Amino acid sequence: MNTFLAVLLYSGIGFSIMHNWLLFAGLCISIFSIRHGAIMLIPLAIVLDGYYGNYYSLPYVSLLAVVWYIVIEQIRPRIFDLDMIRS
Amino acid sequence: MKVRLQHNSKQRKIFRVAGISMAIIVLGMIAPRIISTVATTAMTPIHVVNHWFENSSSIVPTFLRDRRMLQSQIKDLEQRLTISERSTLTQARLVEENDRLRRLLGATKEERVVAAVIARPNELPYDLLQIDQGTDHGVEIGAPVFIGKDMVIGLIVHATPKYSFAELITTPGFKASAFIAGANVVVSMEGMGGGVARVRVPQGVPLSIGDLVYLPSVEPGVFGSVSYIENLPTQPEQYGYISPDTALSSIYWVSVGKQSQLARSPEEIDAKTRTLVEQSLSFINNKSPSTTTDDGGSESFE
């Protein structure tokens, strides 16, 4: 179930970015990053940048994904620590 | 000590992943064609799904597309409704302001008689209406006939105690002065028959379709709008054809003004004035005292 949800969210992120549904994309990215980590978002961002030809100028989605990965990986352990304290 | 080691290892992993990603990005920037080809291949399934979503006639994509279209239509209609509500408010304010200014100028609202149309063209000759109110109800010959509040369509030409006939402005031979709002000119208007009237305007006057046409002698007398313009450069005049906005067949109620609008020619007015003066003078003659002269005759004041 968890894997199915992860695949669904991952597809949702790609699909919503392609349709420019940025709010929905932001929501999906936040949920996916907190639950499953942001490492898988980097290949998606690289592929999206390649698809839209951003490597001919500036692959800003990929760069943003790398920064997002670093930030999320710093934040995630603290969120889980808080969860543990609460429980 | 163990926790610290674990933490350091995690940090190292993060930076390693970030470094590898940056290396791939830099490589991609160096050889963008390769990465674009790879990305296009990888995105093919998504692209196919996307194409299916955008163009397929299956139930799910059609439903989603229709929903999106309906949502945009609702938004558009809401915007139009808001604009329309504002326009209605503006119109009401202008009507109220107009009434107030008219009251300040001493213009009072004319009393009208409401009448039902009991016969119209097809049953009657064209450009003629029969209404169910007559002289018993205050209708008199020459009174203007209106549709709604301010659209004048004709004059009463025959009135019996119980019913009347109204001749439309579009009757052939009907002539009246008209004011064209867009061009701001007063011209003569003539009925052409078949529900159409015509104005003649000199060449050069900016006549355009949709210009409102008023009859200044009837208050408030909007007749209709210019619906067709005949303008040949070889002619000294251009013609504007006017038809009322409401079809004759859909007229069910009209209102009749109580003030006759029949125009009199200067000769007629002169003759009538002369008659009145003569009548008053003969009345004075009959009433005036006679003076007896020395030779016994009598002399009246002229």
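I looked past the end of H2(A) and found Gly37(A), with a positive phi near 85°. Helices here are DSSP runs of H or I of at least four residues, strands are E runs of at least two, and both are numbered from the N terminus.

This is a predicted model: local features need pLDDT of at least 70, side-chain atom pairs count only at pLDDT 80 or more, and totals for chains, interfaces and linings use all residues. Residues are numbered from 1 along each chain as its sequence is written, while chains are lettered from A and ligands numbered from 1 in the order written.

I checked the length of H2(A), residues 22-36.

Next I asked which residues of H2(A) are buried. They are Cys28(A), Ile29(A), Phe32(A) and Ser33(A). They cover an arc of only 125° around the axis, so they sit on the same side of H2(A); the arc is taken over directions from the helix axis to the C-beta atoms. The face turned away from that side carries exposed Leu23(A) and Arg35(A). Buried means 20 or more other C-beta atoms within 10 Å of a residue's own, exposed 12 or fewer, partly exposed in between, with C-beta atoms placed from the backbone.

Asp150(B) counts as exposed because it has 12 C-beta neighbours inside 10 Å.
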